[in-house]
Amino acid sequence: GVDALILPLVMLISWVISGRMLQPLHAVASTARRVSAGQLQERITTPFPDDEMAALVQTVNQAFDKYHAVLRRLEQFTSDASHQLRTPLAALRMLGEVSLQKNRTPEEYRETLGGMLEEVGRLGEIVDKLLLLARLEPAQVRERFQPVDVNALVAETVESFALLATDRGVRLTAECPPELRVNGDGNLLRQALSNLVNNALGHTPAGGSISVQARVTPERAVEIAVRDTGPGVPPDYRDRIFERFVRVPGSPVPGTGLGLAIVHDILH
């Protein structure tokens, strides 16, 4: 008689315990279904008193975050590419159609082909920059971090622009303490600094100067500043110049509006 009373009680306790154990798994599965259905902001929020299960949930949420970030970058790349490639593609088509409307001289054909090659070069530049932006996944970039010699980084960058600066009549100088190092991706940091110097060169008139200065701040951070004597950025655009495809109206410098956006993404 006692066994008959205990058995249902044991079964009830087992059912309650198994239900509590399976509840976290149900929450994980339910959230995964919503994320896969397109609700990318969904995350597992059910409290889990068990440390091991809480660690599992944290890992799964981090995987959802990474998945969301990848899709967001893909959507941004697709949107940017379709928007920015439309103009050069239309120009290529127009050049080809106009050239074929009637017989032309060899000189006219050469001129048309030259214009088409310029548009192809612009297309290649845009695609290269968009691909770089699309590949800047923060976690993967941090995995490649190594000590970077800031002195060498600044010196090499300035040297690579020295001839161009001389041709334009611009004085380009560098100032960096010796043996200054940071943890980072050397290739990306060089790309960011090169974009800044190139941008400064494009907006500094002949007779002006550009200085690249590195220092250690009171907070023990490394700061690299590129200063020029150009006209500066209009106040209305100072908060927008790092956005993709944003260019100051009337700027005499040709470009895609992606150089400073790349700098922003590399440093963030």
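Modeller: A nonpolar core here is a set of buried Ala, Val, Leu, Ile, Met, Phe, Trp, Tyr and Cys residues joined through side-chain atoms within 4.5 Å. Buried means under 20% relative accessible area, exposed over 50%, partly exposed in between (1.4 Å probe, protein chains only). This is a predicted model, so local features need pLDDT of at least 70 and side-chain atom pairs pLDDT 80 or more, while totals for chains, interfaces and linings use all residues. Numbering runs from 1 along each chain as its sequence is written, and side-chain values use heavy atoms, with hydrogens and water left out.

Biologist: Okay, which residues have the most contacts inside the largest nonpolar core?

Modeller: Val154, Leu172, Val197, Leu201 and Val212, in a core of 17 residues. Helix 5 (150-167) gives the largest share, six residues.

Biologist: What is valine 197 in contact with, beyond its neighbours within four places in sequence?

Modeller: Thr157, Phe161, Leu172, Val212 and Val226; contact means heavy atoms within 4.5 Å.

Biologist: Why is aspartate 185 called buried?

Modeller: Its relative accessible area is 10%, and the cut-off is under 20%, so aspartate 185 counts as buried.

Biologist: What makes aspartate 185 a cap for helix 6?

Modeller: A side-chain oxygen of aspartate 185 sits 3.1 Å from the backbone nitrogen of asparagine 187, at the N-terminal end of helix 6. A polar contact is a pair of N or O atoms within 3.5 Å; within protein, one must be able to donate a hydrogen and the other to accept it, and residues adjacent in sequence count only if both atoms are side-chain atoms. So the 3.1 Å pair qualifies.

Technical notes. Helix = DSSP H or I, 4+ residues; strand = E, 2+ residues; numbered from the N terminus.
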